[in-house]
Amino acid sequence: MLLYQAEFFMQLREVEKVLPSSVQSEIKQDLQKLWNNEALEIVNITNALDRGGRVPLPLAGHYEGVYVKVGSKKYFSSCLKRVMTPEYQKQCATGAKVKVPGECNFCKIPSNCITWCKTELFDLTKLEPAPPVPTMGSGILEDGGYFDPPESPPSRDYFPDYIVTLIVPLIIAILLCLLLAYIMYGRREGVAKRNAKTNK
């Protein structure tokens, strides 16, 4: 595992043109001089658009930009240590375009020149170790003594619920039927008698 890693932003590159091994070798040669270490490995290459970058204009000289992360077992060089200084963070916090210090500028190919304020270092030795992987057991619980099951809930009388749910609506339905029968027949007969007396 490469415990020391650094990520650089190359504004004049596009991810499709960085994928060939010959181009990656050129990039690695310039970064080896910056790190003062030949034992570098490219860990990851990311398109700047995936980091929220803007889509470049379809004109010559406009590029998407790529983030190149490299790693090594050797600690950072004196040039890279500048990224961790308060002076570096103060300069980059202003948003101004800060150039790479002269003694740290090793890019022979202009496309390999990095954006100094977007350089980021990762010291994986300071990360907390991952928790151990749980081991698979036999699936049988260990003997923990006598098991006392919880008491069953008390029995419940459902007859009052039955009365409320079925009997009461049934009684109301019967009363409504009787009332409707009275209106349909009893009241009709009275109306007929009244009409007969009126005709006389």
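**Figure 1. The largest pocket and its lining.** The largest pocket of the model has a volume of about 450 Å³. It is lined by 23 residues, of which V100, C113, I114, T115 and W116 are the closest to the pocket centre. By residue class, the lining of this pocket divides into 15 nonpolar, four polar and four charged residues. Helix 2 (residues 21–35) supplies the largest share of the lining of the largest pocket, namely three residues.

**Figure 2. The aromatic pair of Y4 and F76.** Six aromatic pairs are counted in the model. In the pair formed by Y4 and F76, the ring centres lie 5.7 Å apart and the ring planes meet at 80°, so the arrangement is classed as edge-to-face, for which the planes must be over 60 degrees apart. Because Y4 is part of strand 1 (residues 4–10), whereas F76 is found in the loop between strand 3 (66–72) and helix 3 (78–81), the pair ties together parts that are 72 residues apart in sequence. Both partners are buried: Y4 has a relative accessibility of 15%, and the value for F76 is 5%.

Figure 3. Through ring pairs, Y4, W35, Y75 and F76 are linked into a cluster.

**Figure 4. Lysine side chains over aromatic rings.** Two contacts between a charge and a ring are shown here, the one involving K69 and F122, the other K118 and F9. K69 lies over the face of F122, at 4.3 Å from the centre of the ring. In the contact of K118, the charged end of the side chain sits over the ring of F9, with a distance of 4.3 Å to the ring centre.

**Figure 5. The backbone at N36.** Where in the fold does N36 lie? N36 is placed in the loop between helix 2 and strand 2 (41–47). Its phi is near 60°, which is a positive value in a residue other than glycine. For context, most residues other than glycine have a negative phi. N36 counts as exposed because its relative accessibility, 57%, is over 50%.

Figure 6. An unreviewed UniProt entry places the feature "transmembrane region" at residues 162–185. In the predicted model this span is 100% helix and 0% strand, and its end C-alpha atoms lie 34 Å apart. The protein as a whole has five helices and four strands, and from the N terminus on these elements run in the order β-α-α-β-β-α-α-β-α. Of its 200 residues, 26% count as buried.

Technical notes: Residues are numbered from 1 along each chain as its sequence is written. This is a predicted model: local features need pLDDT of at least 70, side-chain atom pairs count only at pLDDT 80 or more; totals for chains, interfaces and linings use all residues. Side-chain values use heavy atoms; hydrogens and water are left out. UniProt positions are given in the numbering used here, feature names are shortened, and annotations may be inferred rather than shown by experiment. Helices (H or I, at least four residues) and strands (E, at least two) are DSSP runs, numbered from the N terminus. On a 1 Å grid over the protein atoms alone, a cavity is a set of points where a 1.4 Å probe fits but cannot get out, and a pocket is an open set with protein on both sides within 12 Å along at least five of seven lines; lining residues have an atom within 4 Å of a point. Grid points are joined across faces, edges and corners, and a volume is the space filled by probe spheres set on the points. Ala, Val, Leu, Ile, Met, Phe, Trp, Tyr, Cys and Pro count as nonpolar, Asp, Glu, Lys and Arg as charged, and the others, Gly among them, as polar. Rings of Phe, Tyr and Trp (its six-membered ring) pair if their centres lie within 6.5 Å; planes under 30 degrees apart count as stacked, over 60 as edge-to-face and the rest as tilted. Buried means under 20% relative accessible area, exposed over 50%, partly exposed in between (1.4 Å probe, protein chains only). A charge sits over a ring if NZ of Lys or CZ of Arg is within 6 Å of the ring centre and within 35 degrees of the ring normal.
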